[in-house]
Amino acid sequence: MNNILAIAHKELKSYFSTPIAYVVVGFFAFLFGYFFYAMLIIFNQQSAQFEGQGGGADINQQLIRPLFLNASVILLFVLPLITMRTYSEEKRSGTIELLLTSPLSDVQIILGKFLGAMGLYAAMIAITAVHMALLFSYGNPEWKVVVTGYIGLLLMGGCFISVGLLISSLTKNQIVSGMATFAVFLLLWVINWIASFTGPTTQSVLNYLSITDHFDDFTRGILDTKHLVYYFSVMSFGLFLTARSVDTERWKG
Amino acid sequence: MIEVQHLTKRYGPVTAVDDVSFTVERGEILGFLGPNGAGKTTTMRVLTGYMPPTGGKAIVAGYDVLEQPLEAKRRTGYLPETPPLYPEMTVREYLTFVSKIKGVPRGERKARVDEMMRKTHVDDMANRHCGKLSKGYRQRVGLAQALMHNPDVLILDEPTAGLDPKQIIETRQLIRGLAGDHTIILSTHILPEVSQTCQRVVIINRGKVVAVDTPDNLTSRLRGSETMYLQVDAAGADAESILQRVSGVTRVSVADTKQQVIGYEVDSEAGRDVRRELAAAVVSRGWGLLEMRPMRMSLEEIFLHVTTEEAPAQAAAPAEVAHE
């Protein structure tokens, strides 16, 4: 456990002692801020309309849920930037030799790197708490829905990060790693678009595979074990394959 | 302390290390010598557990590197060819990280990091980023990293590569000072390094061990004849044949000519001292004897000798390329 934390700490430190963390977190905050502002205006307008018709708009369904969904879109672009260097950079600079010849197991190294990336990711989405706090101080959203939304965001990010780690462990080149990760994320996101045009079996498989489809329920305040199982399986499968990939690399030399 | 038995490593169809066996005793410094691409780094990477062997066995500090890798790694320090530094960390941060992953107990870490920085003379750079260090400092921080957990076995891949002469001398002294407490394997393709630092030498060429011995034994074993260098001023035209006639001399050749001064290389039968006769032959004819010294077969020549023995097959290939 100490070894895992040592690696995670090192990863976090290297994110924050290079411009990476600041650029990633900064632009995420900027984009999310813009979405927040835009949706707030729209929501206010709708809300005024509804008020005229005698009912109020639901802040959870009509503001917070779209915000979470939009955050998940930004993640698609931002997370490859976090994971693309994790292994690639160590392989390129030769520091992987230090890790692999130290008394550490592959699993410890991988979990350390995963936790490090998760740490940066958590710091990134923590910024959106400011926006949520604003909503809570001026309106009265339901806090449970916000909490499940954050749980969903963390789990979905964890899946993306584990897949990103896997891809990064396959190449020395950061650009290759980043682009491949982005392509895979995007595909996982839109894979169910063609679902309705296929047969019933393929349809349910495609729907099941879509990472973002599983996220939807979280934004409605639903914690379904089906989705938890899905996210945790993708995460562990990604990390498992990363371990295999690192081991294979070792045999190939 | 280190036992390598029939070690083989293949990369696809390429055999990088072919049935290599040797042992290193506790406290010994073993030089690992060979041209670039001979398989030195690959052997070292197997010994450090960085990669598994295709065949054979490597036992380091009593643990098989394949069966019990963590135990073996706990007792091994490794300095790869490029020191594995994180450019964005300061020297102190880096060494502290190393102390953590090498299993130095929490309470001892700070003292240990300070000690290693003093030992490798990098303490004045403690707060400098690793990426901004000069080559010499990088190498020394790399060495500090390898020594961090006080390992029984130290494996150093070209520890003096890229250093300036003063740093090379310092590094060699440091390495010699480590022997006794640590068992050391160091690889190099610089020969004087071996004769100055190592007690025993393994010469490896194209994946195979071609010689294992002490530097002195290697020198004498391969020296079949004695060679003398003579520098003569204003020698007559028949000088070469006159020298040739001195009893015990087997061969005379002109090594260099500077106007009137001619340098000769004189081979003689092994174990026979022909210096007096040579001097008399020159002086009695009124020529000036400017210099006379024995030429020993240097490690350089031994190295070339043992690594080019299979030369014919090897030499044919580049020749063909030249025709194209």
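This is a short talk on chain B of a predicted model and its contact with chain A.

Ground rules to start. The model is predicted: local features need pLDDT of at least 70, side-chain atom pairs count only at pLDDT 80 or more, and totals for chains, interfaces and linings use all residues. Residues are numbered from 1 along each chain as its sequence is written, while chains are lettered from A and ligands numbered from 1 in the order in which they are written.

Overview. Chain B has 12 helices and 14 strands. Helices here are DSSP runs of H or I with at least four residues, strands are runs of E with at least two, and numbering starts at the N terminus. Chain B has 324 residues, and 40% of them count as buried. Buried means that 20 or more other C-beta atoms lie within 10 Å of a residue's own; exposed means 12 or fewer, partly exposed is in between, and C-beta atoms are placed from the backbone.

Now contacts. Two residues are in contact if their C-beta atoms, placed from the backbone, lie within 7 Å. Take the contacts in chain B with a separation of 6 or more: 67% of them join residues 24 or more positions apart.

Domains next. Domain 1 of chain B covers 2–219, and domain 2 covers 224–295. Those bounds come from an automatic or database domain assignment. The two centres, taken over C-alpha atoms, are 46 Å apart.

Let me go to the six-stranded sheet. The order is S6-S7-S8-S3-S9-S10 in chain B; the sheet is open and its pairing is mixed. Pairing requires at least two DSSP bridges between two strands. Strand S6 (76–79) and strand S10 (208–213) of chain B are the edges; each has a single partner strand, so one side of each lacks a neighbour in the sheet. On average, neighbouring strands of this sheet are turned by 15 degrees against each other, direction ignored.

Look at S8(B), residues 183–188. How many of its residues are buried? The count is 6 of 6. Side chains in a regular strand alternate between the two faces of the sheet. In S8(B), Thr183(B), Ile185(B) and Ser187(B) are buried on one side, and Ile184(B), Leu186(B) and Thr188(B) are buried on the other.

S8(B) has parallel partners. S3(B), residues 29–33, runs parallel to S8(B) and is joined to it by 5 bridges. There, Leu30(B) is the bridge partner of Ile185(B). S7(B), residues 153–157, also pairs with S8(B) in the parallel sense, over 5 bridges. Ile184(B) in S8(B) stands opposite Leu154(B). From S7(B) the chain passes through helix H6 (165–178) of chain B to S8(B), a right-handed β-α-β crossover. Right-handed means that, with the strands pointing away from the viewer, the path from the first strand over the helix to the second runs clockwise.

At the S10(B) end, the sense is antiparallel: 5 bridges join S9(B), residues 200–205, to S10(B). Asn205(B) faces Lys208(B) there.

Helix H5 (135–147) of chain B lies across S6 and S7 of chain B, at about 165 degrees to S6(B). Axes are lines fitted to C-alpha atoms, for helices over the stretch in contact, and angles run from 0 to 180 degrees between N-to-C directions.

One of the pairs is Glu3(B) with Ile59(B).

On to S12(B), residues 249–258. S12(B) and S13(B) pair antiparallel over 8 bridges. Thr257(B) is the bridge partner of Ile262(B). Their hairpin has 2 residues between the strands, and Gln259(B) takes a positive phi near 50 degrees.

Val266(B) sits in S13(B), residues 261–268. Why is Val266(B) counted as buried? Because it has 25 C-beta neighbours inside 10 Å. Beyond four places in sequence, Val266(B) touches residues including Thr227(B), Leu243(B) and Leu278(B).

Last, the interface. 21 residues of chain B contact 18 residues of chain A. Helix H2 (69–74) and helix H3 (91–101) of chain B are the elements giving two or more residues to that side.
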